[in-house]
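Reader: Hi! I have a structure open and I'm new to this. Could we walk through it together?
Author: Happy to, let's take a look.
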Amino acid sequence: MTDRAERIAAARAAAFDALAAATGDASLCTLSRERLPAAKYHEGAVAALGDAQRAERAELPIPDAHTWGSQWARHIEHDASWKAYVVGGREALAAL
């Protein structure tokens with residue numbers, strides 16, 4: 001495993017631990033339909049770092065921290081959870 005692959009794996013594990021802590025290990029789908037931006041932030045980090053892991057394994061460039069999640073841009077303006085998700089992903093990638 002390359003040094004970058006190890007950093008990505010460690011960052012994703014830390015993001016997953018933060019997500020589990022924010023959700024109390026409960027499924028995000030069953031949290032009383034309450035908006036949990038902290039959980040969504042960590043969920044975005046886990047997702048973005050998962051994308052980075054897949055790219056690294058395929059020897060492709062990892063996702064760009066500034067554009068990751070742009071497919072959800074229309075949601076960001078109106079939904080704090082989507083904004084938290086995308087920001088979490090972008091910040092996780094930027095930290096690599």
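Reader: At what angle do the axes of helix α1 and helix α2 cross?
Author: Keep in mind that this is a predicted model. In it, the axes of α1 (residues 3-23) and α2 (residues 37-57) cross at roughly 155 degrees and come within 8 Å.
Reader: So is α1 roughly parallel or antiparallel to α2?
Author: Roughly antiparallel, because angles over 145 degrees count that way. The crossing is left-handed.
Reader: Which residues make the contact?
Author: From α1 they include I8, F16 and L19, and from α2 they include V46, L49 and Q53. The residues of this contact divide into 15 nonpolar, four polar and four charged.
Reader: Is G44 buried or exposed?
Author: Buried, since its relative accessible area is 0%.
Reader: What is G44 in contact with, leaving aside its neighbours within four places in sequence?
Author: G44 is in contact with W68, Y85, G88 and G89. Take Y85: 41 residues separate it from G44 along the chain, yet their C-alpha atoms are 4.2 Å apart.
Reader: Nice! One more: where is D79 found?
Author: D79 is in the loop between α3 (73-76) and α4 (80-94).
Reader: And does D79 count as buried or exposed?
Author: It counts as buried, because its relative accessibility is 16% and the cut-off for buried is under 20%.
Reader: What does the side chain of D79 reach?
Author: It reaches the backbone nitrogen of S81, at 2.8 Å.
Reader: Thanks, that helps!

Terms used:
Residues numbered from 1 in each chain as written. Predicted model: local features only at pLDDT ≥ 70, side-chain atom pairs only at ≥ 80, totals over all residues. Heavy atoms only, no water. Helix = DSSP H or I, 4+ residues; strand = E, 2+ residues; numbered from the N terminus. Buried < 20%, exposed > 50% of the residue type's maximum accessible area, 1.4 Å probe, protein only. Polar contact = N/O pair within 3.5 Å; in protein donor to acceptor, adjacent residues only side chain to side chain. Axes fitted to C-alpha atoms, helices over the stretch in contact; angles between N-to-C directions. Parallel < 35°, antiparallel > 145°, perpendicular 65-115°, else oblique. Left-handed = near helix turned anticlockwise from the far one by under 90°. Contact = heavy atoms within 4.5 Å. Nonpolar A, V, L, I, M, F, W, Y, C, P; charged D, E, K, R; others polar.
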